[in-house]
Amino acid sequence: METHNEFNVESLPQKKWWDQRYVCEMNGFWTLPEFVPYTVRVLNEFKPLPSDVILASFPKTGTTWLKSLLPSIIWRSSKESSSLVNHHPHDLVRYLEFPGSPPWLSSSSPNGELISSSSSSGGNHHHDEEITDPTRRRIFATHLPYQHLENKLDANKPCRVVYITRNPKDTLVSMWHFVNKTKGPEEHDWQLEDAQNTFCSGIFPFGPYYDHVMGFKKASLEKPHNIFFITYEELMTDPIVHVKRLAEFLGCPFADDQEESVLEVEKIVKSCSFESMTSQEVNKSEDFTSWTPVAYNAFFRKGGIGDHKNYLDANTIKRIDALTREKFHAAGFMYGI
Ligand code: PAP
């Protein structure tokens, strides 16, 4: 039976994570205060359909990439195939818990594929075009931890979950860049040293990172038919193999060894690559998204493996690696160093 969750921001423990920004604790995980009521709505009201696909991730671990790949794989036979030329991936796949009307209730797009971004500052981009095919499978995204969603994902006929993670040091560096790029003009820079401290302490939006990853990792081992676990590094090293695996897991496999389907997979991988995505006008746009005051182009920076080496000093790497050994390796997950 579902439990009813009652949280209100004032009653939750709060801690500063940077400058004047605070996070509050909900059952062992930290979130932004403005997300609390929307998170409560997800926990109390969202009922996944067995056909739903939920992309789960800790921030900065490959969400945008999978928000391109999943629609390209799942909706590939739809007449209104969602064009990555016209749509920013974050408009194609909405977060469940972000401020705004819940995507599963969207009336203008019954499947929650797309929002209207009429509140964005520019009017010339196509990212506010509507997709109206109601027969399409719904795809949602979330940064919520497995520990919060467990009841929903354990339903009688569970939906499918794809979880992506990324090595902790690149995740931290990516988040540090993102915050400094998107902060308000009145806010101080987020110093890298502060970013490291909050990352390691777990007092970080959606943190602790390690508990987030381990929640989905363990669940994926217990329920491999429902939870697909992949790393950013695996996907980058062998995208063709993993796109095929994803399609199989999602119940929409590509035909075996037929030239046409080989070309189709290659086309999807290419169109979702960092190079292709960053060449699209919609992804270069400095307009703000309608669901968070962040420019569309902020979700693309460098896109690669190992950029932390250009930013973190030896002591920081040692500190994070020690934590990785303690949290991942000791639990049998040999990843992240
Ligand atoms: P989010 O949680 O805010 O949605 P998310 O998409 O998970 O962010 O992470 C952004 C990172 O993915 C950025 O990494 P970087 O800072 O190290 O560069 C971004 O560049 C990278 N990224 C976005 N799209 C792609 C892509 N198509 N292929 C590879 N990496 C990508």
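## Basis of the values

Residues are numbered from 1 along each chain as its sequence is written, and side-chain values use heavy atoms, with hydrogens and water left out. Because the model is predicted, local features need pLDDT of at least 70 and side-chain atom pairs count only at pLDDT 80 or more, while totals for chains, interfaces and linings use all residues.

## The ligand and its shell

Helices (H or I, at least four residues) and strands (E, at least two) are DSSP runs, numbered from the N terminus.

Polar contacts are pairs of N or O atoms within 3.5 Å. A polar side-chain atom of Thr64 is 2.4 Å from an oxygen atom of the ligand, and a polar backbone atom of Thr61 is 3.0 Å from a ligand oxygen atom. On Tyr232, a polar side-chain atom lies 2.7 Å from a nitrogen atom of the ligand. Taken alone, the ligand exposes 640 Å², of which the protein buries 97% (Shrake-Rupley method, 1.4 Å probe).

## The largest pocket

The ligand sits in the largest pocket, meaning that more than half of its atoms lie within 2 Å of the pocket's grid points. A pocket is an open set of points on a 1 Å grid over the protein atoms alone, with protein on both sides within 12 Å along at least five of seven lines; lining residues have an atom within 4 Å of a point. The volume of the largest pocket is about 1100 Å³, a volume being the space filled by probe spheres set on the points, which are joined across faces, edges and corners.

Its lining has 50 residues, and Lys60, Thr64, Phe178, Ala298 and Phe299 lie nearest the centre. The lining divides into 28 nonpolar, 14 polar and eight charged residues.

## The largest cavity

The structure holds one cavity of 30 Å³ or more, a cavity being a set of grid points where a 1.4 Å probe fits but cannot get out. The largest cavity has a volume of about 50 Å³. Its lining includes Met26, Thr39, Leu144 and His148. Strand S3 (residues 29-31) gives the most to this lining, with three residues. The lining has six nonpolar, three polar and no charged residues.

## Two backbone details

Most residues other than glycine have a negative phi, and most peptide bonds are trans. Asp19, in the loop between strand S1 (14-18) and strand S2 (21-26), has a positive phi, near 45 degrees. A cis peptide bond, with omega about 0 degrees, joins Gly207 and Pro208. Pro208 is in the loop between helix H6 (192-201) and helix H7 (209-222).

Terms used
Ala, Val, Leu, Ile, Met, Phe, Trp, Tyr, Cys and Pro count as nonpolar, Asp, Glu, Lys and Arg as charged, and the others, Gly among them, as polar. A polar contact is a pair of N or O atoms within 3.5 Å; within protein, one must be able to donate a hydrogen and the other to accept it, and residues adjacent in sequence count only if both atoms are side-chain atoms.
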